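Please find below my notes on the model you sent.

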Amino acid sequence: MNFRRIFHRVAAVLATVLLIGAGAHAAPAAGARTATPLVEGWRFAFGEQHSEQSDASQWQAVTLPHTWNRIGGHTTKAADANDSRGKGWYQLKFRAGPNAEKPRRTWLQFDGASIVSDVWLNGVLLGRHAGGVSAFRFDVTDALRPGDNLLVVRTDNTAPDTKGSVTAETLPMGGDWFMYGGLYRKVSLITTAPVHVDLGDHGGPGVYARTVSLEPGRARVEVVAKVRNDAAAAQAVSVRTSLVDAKGKTVASNTQPLEMAVSAQREVKTSLDVAKPRLWNGVADPYLYTVRVDVLAGARTVDTVTEQFGIRTMRFDPDKGFFLNGKPLALRGVNRHQETGANGWASSMAELERDYAIIKEIGANTIRLAHYQHPKEGYALADRMGLIVWAEVPLVLLSAPYGEPTATPGFIANAEQHLRELIRQNYNHPSIAVWSIANEPNIANVWMQPKPPTVPLLERLAALSRAEDPSRPPVLASCCGTLPGSLMPTTPGKGLDSPPQAVDVFGINVYFGWYYANVADLSAYLDEVHAFYPKKAISVTEYGAGGALSQHTDNPLGGPIIAGGRPHPEGFQSYIHEKTWPQLRDKPYLWASWLWNMFDFGTAIRMEGDLVDTNDKGIVSFDRTVKKESFYFYKAHWNPEPMIYLAGHRYTERASPVADVKAYSNAPTARLSLNGRDLGSVDCVERICLWRNVVLAKGNNEVVVSASVKGKALRDRAVWRRADGPGTYRVLAGQLGVMQTSVGLYGSDNFFTGGEGKLLNEPVRRNPPPPKVVQGAADQQIYLAYRTGRFSYELPLPDGEYELTLRFVEPVEKQAAGQRVFDVLVQGSVALADLDIAAQAGSLRALERKVPLRVSGGKARIDFVPKAGAAILSSFSIDPR
């Protein structure tokens, strides 16, 4: 036994202890690269009064990841809510061991800090990083001391439109999400040998691989390694590049000698031929190799970098869509923000894995990571799960700083920095299909002055993207000015400044039926865009609607949706998705579509649905505990696992005595029972199983849906309660949402034909007028909307005698008598003749009329027939006599 060799090995292992405390762990063999997380022992304080020289002994003790912000997910402002934007200060004391000394090099790595970060080590300002979503590093070799060290970080997430803001030229200028502050991803200390794979390459790994050719039985992979010599003398080394399969077998390798001058950085390009490659094939087979680059000094390995890699090709066809490895693949998926609920951006790996597991459950095969660079762990999860990724930079809202007529040099440089960091840090992920250079970069031009041009900056970024990575196309998501005259008008004398002009592949954000237009018109619009850009590959990057868990509707067509307010019935969200998805699925030229959004997320600009500071367009709740109805609609379409889900689980207190019962299932047919009584089976068309006009009894109603798929029995149930019997109705005319009022639970408008639902107070985002108030109203809520025009109601009712109460209000202030006159017919006979609300009650004053109603044949019909102007109705109720 060679005791001398054993002694030297033991000494080498002991010498690898780099850090003591501050979350340190034992380093690997001497000479190798080490990475030590700095996550514990931090002190934090918020405010302008602190500095890099402050005494932090009384500051709050925190562990990374950390953010001081807390926003979203509550019905009212939470006690711990915090949307403060400004300077957050962090201090960490740690000890460095002898292995951190020269000639080794030491780097401080931040995986993400928001938004602008200044970093000091032992009183030395290392530098500033402007950008809250990408990783960055500083070489701390000269500032690091053996023994005690003090690290100070100032992060600043001040809004860019704040006077004097440090973020004035830093992306993004804004957006419908919250820019959390702090060290919300981990910090690490990395040491290398003097000759090493470069750590100074915009936060990238220094090793970049891509598939350059793929033929039957053979693939060629090109690997570029950037090697740097920080030694005091020239060095002769060799670089070994290998491709290793999932079992650890090297399938291709190449070694090249390399002469390195002092302070030189050189690129080593290697081509590896792979016989019988196993392809990365999306969710069907997300097979991963490992690219390994070793820097060798003689026979000794002085540095090693490994990167996951998948062999695959991707192609985009303007008419036929997306191709993976030469075969067409219909991409269906979701958008996601990096926020994971209550912890905001400071999420754990467990929370990230939970989110991706939910995405897997729905059956998505693609994910758009909006609207900025996400954590590296998210891209790695997509690699392992086979999800095709749209990766994006945060060029959003404006293509220039606030108040500037065009992009400034600083703004342009920051946009280029974001794009370069996104590409280099994530180059090797096989899941990434495209690099997005912008999302709605000109939307603020709709209402703001000045209106900076968008296309010049986008063309510059597209050129940079192609130069950085010729294997993936630059893309963008457009909403405004996609077509001439659509929202963004053409600029007089300058023509169309439309974002899609800058790229060959793009996406459109379309909210038909939510913010504008009719949901049924989406198909024709997409065809129009395709015809206008016949040589560009098109996708739909956003679509959807808000969905509040506590708000419901009896008919999603009952009245106008208040997209920027309340209510946002969950059933209306389901309706929008039910009508949108088939239109997208049936467009062969769409290379992908992503619904907005997978999860509710925090935003300081919204008070909508039943939440504050939350965008409720997620199909899963903010806290991930509730999957909304729409989730199961898509699961029925996308996930082949047998399933059935009864819609209306949360609509337990029923306003209407008659309900449409709906289930989502991938079974061909489904059966319904009510309180144990079989109501028969129906075909599940477009994965929707629907039973019309089911009469509910007073009290509890047990609703059970069942089906069978591939021999597997499926079942779902709910209990719906009715306070009244089948002969009692309470209906809000022209209103979309069910509402609890002081005079009882009222259903949304239903059982109508004709007319138009309108709101008494139309929503106005900026400088709204004082709301109209109805004088003499028993409850204002039953007069908030109305149906107007020529219309009728036909309601299922048991035969018998009833009292019909009709409620009206003239919404036009100072309306003259005779301007609105109409008849009300009950069961075909005139019950109210020549009704003139203005003459009988005046404007904005409640008018109530009761008329008898006799039912035979199980139906009641009420007609509103205009004689002058349009008929109108605010609400009505029916009670047995």
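This is a predicted model: local features need pLDDT of at least 70, side-chain atom pairs count only at pLDDT 80 or more; totals for chains, interfaces and linings use all residues.

1. Residues are numbered from 1 along each chain as its sequence is written, and side-chain values use heavy atoms, without hydrogens and water.

2. The protein chain contains nine helices and 53 strands (DSSP runs: H or I of at least four residues for helices, E of at least two for strands). Its radius of gyration is 32 Å, close to the 29 Å of the globule rule for 881 residues, so the chain is as compact as a globular protein of that length (C-alpha atoms; the rule is 2.2 Å times the number of residues to the power 0.38).

3. Of the 881 residues, 60% are buried (under 20% relative accessible area, 1.4 Å probe, protein chains only). Among contacts with a separation of 6 or more, 72% join residues 24 or more positions apart (contact: heavy atoms within 4.5 Å).

4. The structure has two disulfides (cysteine sulfur atoms within 2.5 Å). Cys479 and Cys480 are paired with sulfur atoms 2.3 Å apart, and their link is left-handed, at -50° about the S-S bond. Cys479 is buried at 15% relative accessible area, as is Cys480 at 0%.

5. Cys684 and Cys689 form a disulfide with sulfur atoms 2.1 Å apart. The torsion about their S-S bond is about 105°, so this disulfide is right-handed. Cys684 is buried at 12% and Cys689 at 0%.

Key. Buried means under 20% relative accessible area, exposed over 50%, partly exposed in between (1.4 Å probe, protein chains only).
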